[in-house]
Amino acid sequence: MALRFALVIEPAASDDPRPSFADSFRVIDPSAPALSVGELSTQRGDGIFESIGVVDGHVQETQAHLERLAHSARICDLPGPNLEQWRQAIGVAARHAPATGEGVIKLILSRGVEHGPAPTAWVTVAPAPDNSAAREHGIRVVTLDRGYGIDTPAQAPWLLLGAKTLSYAVNMAAIREAKRRGADDAIFVTSDGFVLEAPTASLILRIGGRFVTPAPHGGILHGTTQLSLFAHLEEQGHETRYEVVPTGALREADAAWLVSSVRLAAPITAIDGVEMPVDAELTASFNRYLLSARD
């Protein structure tokens, strides 16, 4: 995705009450060098981010993304972001998103430069990739061991499981491994037999008429798209549940989706080579809703 716009933010204290943060923004050339060689986001992946979908110029689920940014900052011991400052930065960025079609706004908060300015922050805007094939025709997935047990995050909070960090090397390696196995994506599972999430998406299963997602503990990032879709399903009278999901439950599902802010709802057509039923009509309704969602 070629960047269309980039904005550097001088992070304000989380309790800064000023009504306008315009003087804390600096527009930069998105194709030009901008970061110090001492920047810890690039040296160590020491930072957090959010990717926000934009449809026909309208930003989606801003508040949920800002709350998750703040949540990730707490887990990572980063200074709490001033959410009003970031909201105003998103508003500036949105004016440079595609007026028609889909785009993505990315928020990045880094620990900064070692022995230098800290933290550092910026916002970028780019057109979104074409996800129509995944939404309409579905994706094949494989399960991959995440390498820890369901209770590991509680025992070892310093692993930062459950934060949306810039350290995405493992996530990208998992997707490459899925492709080596002839699939499109992966679902992480714990070493002791429980379902987690996908490398860049949340999992939703339909089991016995209820919609289930793995409970947001055990190192699971609470998905903004999953939250929005569950609220939509509840308004329609459907039952939604957060559960500790054993891997065997994947075989019990009569439909399954990976959902995320940019790809939206992609139906799963096979898990570990076993074909899955697809509810094309329901999937289409999910994506109609998600494409129409607003703040």
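Which residue in β6 does V8 stand opposite? The numbered points below answer this and describe the surrounding structure.

1. The model is a predicted one. In it, V8 stands opposite W122 in β6. The two strands concerned are β1, residues 5-9, and β6, residues 120-127; they run antiparallel and are joined by five bridges.

2. Strands β1 and β6 belong to an open sheet of six strands, whose order is β2-β1-β6-β5-β3-β4 and whose pairing is antiparallel. At the edges stand β2 (25-28) and β4 (58-59); each has a single partner strand, so one side of each is left without a neighbour in the sheet.

3. Taken as a whole, the chain contains eight helices and 14 strands. Its radius of gyration is 19 Å, close to the 19 Å that the globule rule gives for 295 residues, so the chain is as compact as a globular protein of that length. The C-alpha trace spans about 55 × 45 × 35 Å along its principal axes.

4. Of the 295 residues, 53% count as buried. Among the contacts with a separation of 6 or more, 71% are between residues 24 or more positions apart.

5. Which residues of α2 are buried? They are T62, H65, L66, R68, L69, A70, S72 and A73. These buried residues pack against the strands β3, β4 and β5, and also against the helices α3 (83-94) and α7 (224-235). After α2 comes D77, with a positive phi near 55°.

6. Helix α6 comprises 12 residues, 169-180, and reaches 16 Å from its first C-alpha to its last, close to the 16 Å expected at 1.5 Å a residue. Its buried residues include N171, A174, I175 and A178. Viewed down the axis of α6, the buried residues fall within an arc of 95°, so they line one face of the helix.

7. What covers this buried side of α6? The covering elements include β7 (139-145) and β8 (185-189). On the face turned away from the buried side, α6 carries the exposed residues A169, K179 and R180. The helix is followed by G182, whose phi is positive, near 85°.

8. Some details of the backbone deserve a reader's attention. Most residues other than glycine have a negative phi, and most peptide bonds are trans. A cis peptide bond joins A118 and P119, with omega about -10°. P119 is placed in the loop between β5 and β6.

9. L264 has a positive phi, near 65°, and its place is in strand β13, residues 264-271. D272 has a positive phi of about 55° and lies in the loop between β13 and β14 (274-275).

10. Are L264 and D272 buried or partly exposed? L264 is buried, with a relative accessible area of 3%. D272, by contrast, is partly exposed, and its relative accessible area is 41%.

How values were computed. Residues numbered from 1 in each chain as written. Predicted model: local features only at pLDDT ≥ 70, side-chain atom pairs only at ≥ 80, totals over all residues. Heavy atoms only, no water. Helix = DSSP H or I, 4+ residues; strand = E, 2+ residues; numbered from the N terminus. Expected span 1.5 Å × (residues − 1). Buried < 20%, exposed > 50% of the residue type's maximum accessible area, 1.4 Å probe, protein only. Arc of directions from axis to C-beta. Contact = heavy atoms within 4.5 Å. Pairing = 2+ DSSP bridges. Rg over C-alpha atoms; globule rule 2.2 N^0.38 Å.
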